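Subject: Structure for your review

Dear colleague,

Please find below the structure that I am handing over to you. My notes on it follow directly after.

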Amino acid sequence: MEFQADAIDRVIKNTIDVMESSKYQIFEILQVARDELVALTKELQRVMEETDETLQKVDKLELQYHRSRIRLTEVSRDFVRYSEKDIRIAYEKATELQLELMMTREREAYLRSRRDELQLRVRGVENSVERAESIGSQMSVVLEYLSGELGQVTRIVESAKNRQMIGLKIILAQEEERKRIAREIHDGPAQMLANLVLRTEIVERMLVKQEFGLVQDEVLDLKGQVRYSLEEMRKVIFNLRPMALDDLGLIPTLRKYVHDYEEKTKIRTSFETRGKEHRLSSAMEAAVYRLVQEALSNAAKHAFPSYVLVEITYQAQLIKIVVKDNGLGFNVKKISEQANRESFGLVGMRERVELLEGRMEILSAENQGTTIVIHIPTNVEKGKE
């Protein structure tokens with residue numbers, strides 16, 4: 001199938017136009033949500049201030065009503081010192097204060113209910129704003145990628161016609177990665193932060209009730225949760241791009257990842273290097289890191305091994321990656337023909353290796369373990385990278 005550069009350019013242009021339009025619509029929705037959040041926040045602040053004033057008024061009225069009751073009892077018992085007029089005045093004063101106290105308590109109950117309702121609405125709108133900002137940011141990244149990197153797709157396709165789906169595969173891979181990151185953040189740090197908000201409200205109520213002992217316990221628990229949330233966020237950041245990869249290089253970063261993998265999965269794992277280690281380009285080191293990461297992840301998910309070996313060999317113009325496990329193994333031919341979901345990770349690895357102009361070999365049999373051998377040339381020109 002011959003490629004038509006003009007047709008590809010039209011597809012990219014139409015995609016950019018649609019995404020630009022969608023981005024502005026998302027920004028409009030975001031602005032409306034922000035305006036609503038500002039209005040709700042102002043109203044919530046007013047209601048909270050009015051609630052505090054009403055609470056103070058209730059306390060004051062309760063004290064006055066209590067004193068009026070004492071006064072009424074006093075004048076009612078002593079007919080010598082107090083006249084009927086004094087008794088009537090004391091009774092009317094106590095009744096008036098009782099009525100005002102009842103009305104003020106009803107007002108307090110209404111304001112508390114309104115405050116709780118507004119707090120729920122504020123949290124809901126805040127979540128909507130965060131989601132809209134996240135989607136808008138993601139679309140901006142995609143648009144930047146489409147406008148920049150994929151603008152060169154025509155030349156790439158003309159020089160390698162057997163890769164006609166490269167652009168689509170890259171976008172799909174990015175979308176899958178974004179979905180995974182979104183799930184990690186939603187299920188981890190986002191849920192923890194939501195829980196922290198609720199717990200701080202509980203602490204606030206305890207402070208109002210002056211239950212300082214319980215407040216201290218709750219704050220200690222909150223501190224632990226904040227630390228755990230920070231650890232989870234750091235894990236997400238590390239998965240996006242291990243900073244050690246740029247600072248220390250491929251081997252130290254892989255050595256740490258293998259160590260963490262062994263602790264997490266409880267699978268005995270060895271890491272070995274051969275040849276003279278040297279730094280590769282940033283893109284090449286990232287690619288090798290991701291290939292090892294995917295191979296180990298597949299082993300843990302599907303092979304259930306008790307031992308895994310990772311071996312990196314540096315050669316003159318080549319880097320060799322071997323990942324070997326003693327797990328369940330599989331029929332390579334059968335899996336390749338079916339190309340089912342379980343083999344998607346292997347298919348993705350093979351495609352990545354092909355993009356790097358390398359080759360990948362899979363040796364496996366049922367109940368015989370699996371060995372993945374990857375050869376990647378390291379003398380690839382930067383343009384090809």
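This is a predicted model: local features need pLDDT of at least 70, side-chain atom pairs count only at pLDDT 80 or more; totals for chains, interfaces and linings use all residues.

Helix α7 is followed by K266, a residue with a positive phi near 65°. Helix α7 itself comprises residues 250–265. Its 16 residues reach 22 Å from the first C-alpha to the last, close to the 22 Å expected at 1.5 Å a residue. The buried residues in α7 are L250, I251, T253, L254, Y257, V258 and Y261. Because these residues cover an arc of only 155° around the axis, they lie on the same side of α7.

A positive phi also occurs just after helix α8, where F304 takes a value of about 50°. Helix α8 spans residues 282–303. At 1.5 Å a residue, its 22 residues should span 32 Å, and the end C-alpha atoms are 31 Å apart, which agrees.

Y257 and Y289 form an edge-to-face pair, with 5.7 Å from centre to centre and 65° between the planes. This pair links distant parts of the chain, since Y257 belongs to helix α7 and Y289 to helix α8, 32 residues apart. Are these two tyrosines buried or exposed? Y257 counts as buried because its relative accessibility is 14%, under the 20% cut-off. Y289 is likewise buried, with a relative accessible area of 1%. Ring pairs join Y257, Y261 and Y289 into a cluster.

I turn next to the strands. Strand β2 (residues 307–314) pairs with β3 in the antiparallel sense over 7 bridges. The two strands form a hairpin, with 3 residues between them. Within this pairing, L309 has K324 in β3 as its bridge partner. Strand β3 is also joined to strand β5 (residues 370–377) by 8 bridges, and these two strands run antiparallel. Here the bridge partner of K320 is H375 in β5. How many residues of strand β3 are buried? For β3, which covers residues 318–325, the number is 6 of the 8, so the strand is largely enclosed by the rest of the structure.

T54 is located in helix α1, which covers residues 5–77. At 8% relative accessibility, T54 counts as buried. The side chain of T54 reaches the backbone oxygen of E50 at 2.7 Å. Leaving aside neighbours within four places in sequence, T54 is in contact with T104, R107, E108 and L111.

R205 is partly exposed, its relative accessible area being 44%. The C-alpha atoms of R205 and V215 are separated by 9.3 Å, the two residues being 10 apart along the chain.

Yours sincerely

Key: Residues are numbered from 1 along each chain as its sequence is written. Side-chain values use heavy atoms; hydrogens and water are left out. Buried means under 20% relative accessible area, exposed over 50%, partly exposed in between (1.4 Å probe, protein chains only). Helices (H or I, at least four residues) and strands (E, at least two) are DSSP runs, numbered from the N terminus. Two strands pair if DSSP finds at least two bridges between them. The expected span of a helix is 1.5 Å times one less than its number of residues. The arc is that of the directions from the helix axis to the C-beta atoms. A polar contact is a pair of N or O atoms within 3.5 Å; within protein, one must be able to donate a hydrogen and the other to accept it, and residues adjacent in sequence count only if both atoms are side-chain atoms. Contact means heavy atoms within 4.5 Å. Rings of Phe, Tyr and Trp (its six-membered ring) pair if their centres lie within 6.5 Å; planes under 30 degrees apart count as stacked, over 60 as edge-to-face and the rest as tilted.
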